[in-house]
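Q: I'm new to reading protein models. Could you walk me through a few features, one at a time?

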Amino acid sequence: MTDPLKSLFELIHENDGINDKDLLAQLICREFRLIKDRSVFYCREYAIRFSSSARPNFGNTVLSLSNLRKYDDRPFIVCLVTPVRNFCLIANTTFLRKISHSSQELRENNIRGSFNGSDIVRAFEGISNSTENIRRLYDIHAEIGFEGNLARLVEATNNISPSGSKFTVGDSERQAILEAPDRAIRFVASSEAHTLKSELDYKVEEFKKEILLAALIDNVNVRGRVIEYLIAGEDEALRQSLIAALKSDTPGLPQFRTDNTLGDYRRNFNLFDTETDVKTKVMILSSNPKAYNLDKMLEFLANSRSVLMFYFVGIDPGKIVNTVLVSMFQRDLLKATILLRHWAGRNSRGVSQFEGKAINELIENPDSQIDDQAAQEFLSRVIAL
């Protein structure tokens, strides 16, 4: 199957030196049958806005935040046409520093203002904002979304004092946190880990048909929340209403909120207090599942009995591929953990995500090994943020 973004970028770069943004827009629009919405051209797979400048750095106004909101659920590309080359940047809300123009009244309940070219980051967490990385960057954005960025943009734009606070790590907390990898190694090797996985596997088998129905939901956030609630939710009445909605011919799901806690499934054993976060992975789709809030993770691990686990459910069309229970410190999972450090406000260490390819590999080839030293080094870096 042809990648629509790859085809788009190839045609844009074939026309390097065209030096006419309107002519390039016409070529692109005609070739890919894009729909025009004022200055934005779009299709189901992406949206694009053309700008021009004498140099690769530009400060032109690109788009209003309210208009970007309409296209923030797909890659939003800014194509900058210069005399020699055409440059492509991803400009979804995750990749905006702030809102610049007419934004003094911007609030979470009052979407106002526009962003300039200079507000688009040129590198995100060490990843260059350039053509070859746009798909990878969008996978990061997709799990954050417009609502996940709005509070940050309001804070950055109007210097509003952020809510919340960093978890303070004292000497005793640091010791308990740095001992967490050793606790995880002992737990993974114990019979309690087998018990925990068996309990979750039972729920997957019990609601297998409903999970496969929920896997057809297009919206990645809604899909994940529904499946996670089917497996680990505590309100049986809500679970049954979700099941009824999934089986109904009438579109729509009941409104529900999931607790903003570290894990979905809490289980205390004789020697361990466990939190397990349930994550679903549709194997044929590219996605970066959310991992954890860094401050909440540190606060939990400061308990000398705590163990944080992840339960991954791999899904292909019509079947459950596999289920895997691993520690947050599993060696491949740890390497695939992306720290979104400064993207959660000044009073937070940030949040994290997992690169989806690593999840697929774990589901296909389960491995529970933990590198104790690498895990401690990771925790030390997070504490220092």
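A: Gladly! Let's begin with helix axes: an axis is a line fitted to C-alpha atoms, taken for a helix over the stretch in contact, and angles run from 0 to 180 degrees between N-to-C directions. Keep in mind that this is a predicted model.

Q: At roughly what angle do the axes of helix α6 and helix α15 cross?

A: Helix α6 (residues 171–178) and helix α15 (residues 372–384) cross at roughly 145°, and their axes come within 10 Å.

Q: Which residues in α6 and α15 meet?

A: From α6 come Arg-174, Ile-177 and Leu-178, and they meet Gln-376, Leu-379, Ser-380 and Ile-383 in α15. Sorted by class, this contact has 4 nonpolar, 2 polar and 1 charged residues.

Q: Now strands, please. In what order do the strands form the open sheet?

A: To read a sheet, follow which strand pairs with which. Here 3 strands form an open sheet in the order β12-β16-β15, with antiparallel pairing. The edge strands, β12 and β15, each pair on one side only. From one strand to the next, the twist averages 25°.

Q: What packs on the sheet?

A: Helix α12 (residues 294–301) does, touching β12, β15 and β16, and its direction makes about 65° with that of β12.

Q: How many bridges join β15 to β16?

A: There are 4 bridges between these antiparallel strands. Ile-338 has Gln-353 in β16 as its bridge partner, while Leu-340 stands opposite Val-351 in β16.

Q: Which way do the residues of strand β15 point?

A: Look at the side chains along the strand. In β15 (residues 337–340), Thr-337 and Leu-339 point one way and Ile-338 and Leu-340 the other way; all of them are buried.

Q: How many aromatic pairs does the structure hold?

A: It holds 10 aromatic pairs. To classify a pair, look at the angle between the ring planes: under 30 degrees counts as stacked, over 60 as edge-to-face. For Tyr-292 and Phe-354 the planes are at 75° and the ring centres 6.4 Å apart, so this pair is edge-to-face. Tyr-292 lies in strand β12 (residues 290–293) and Phe-354 in strand β16 (residues 351–354), so the pair ties together parts that are 62 residues apart in sequence.

Q: Are Tyr-292 and Phe-354 buried or exposed?

A: Buried means under 20% relative accessible area. Tyr-292 counts as buried because its relative accessibility is 4%, and Phe-354 is buried too, at 0%.

Q: Why is the pair of Phe-310 and Phe-312 stacked?

A: Their planes are at 10°, with the ring centres 6.1 Å apart, so the pair counts as stacked. Both Phe-310 and Phe-312 are buried. Ring pairs link Tyr-292, Phe-310, Phe-312 and Phe-354 into a cluster.

Q: Could we try a single residue next? What does Glu-210 touch?

A: Start with where the residue sits, then list its neighbours. Glu-210 is in helix α9 (residues 208–214) and is buried, with a relative accessible area of 9%. Not counting residues up to four places away in sequence, Glu-210 touches Leu-230, Ile-243, Leu-246 and Lys-247. With Lys-247, the side chain of Glu-210 makes a polar contact of 3.2 Å.

Key
Residues are numbered from 1 along each chain as its sequence is written. This is a predicted model: local features need pLDDT of at least 70, side-chain atom pairs count only at pLDDT 80 or more; totals for chains, interfaces and linings use all residues. Side-chain values use heavy atoms; hydrogens and water are left out. Helices (H or I, at least four residues) and strands (E, at least two) are DSSP runs, numbered from the N terminus. Buried means under 20% relative accessible area, exposed over 50%, partly exposed in between (1.4 Å probe, protein chains only). A polar contact is a pair of N or O atoms within 3.5 Å; within protein, one must be able to donate a hydrogen and the other to accept it, and residues adjacent in sequence count only if both atoms are side-chain atoms. Contact means heavy atoms within 4.5 Å. Rings of Phe, Tyr and Trp (its six-membered ring) pair if their centres lie within 6.5 Å; planes under 30 degrees apart count as stacked, over 60 as edge-to-face and the rest as tilted. Ala, Val, Leu, Ile, Met, Phe, Trp, Tyr, Cys and Pro count as nonpolar, Asp, Glu, Lys and Arg as charged, and the others, Gly among them, as polar. Two strands pair if DSSP finds at least two bridges between them.
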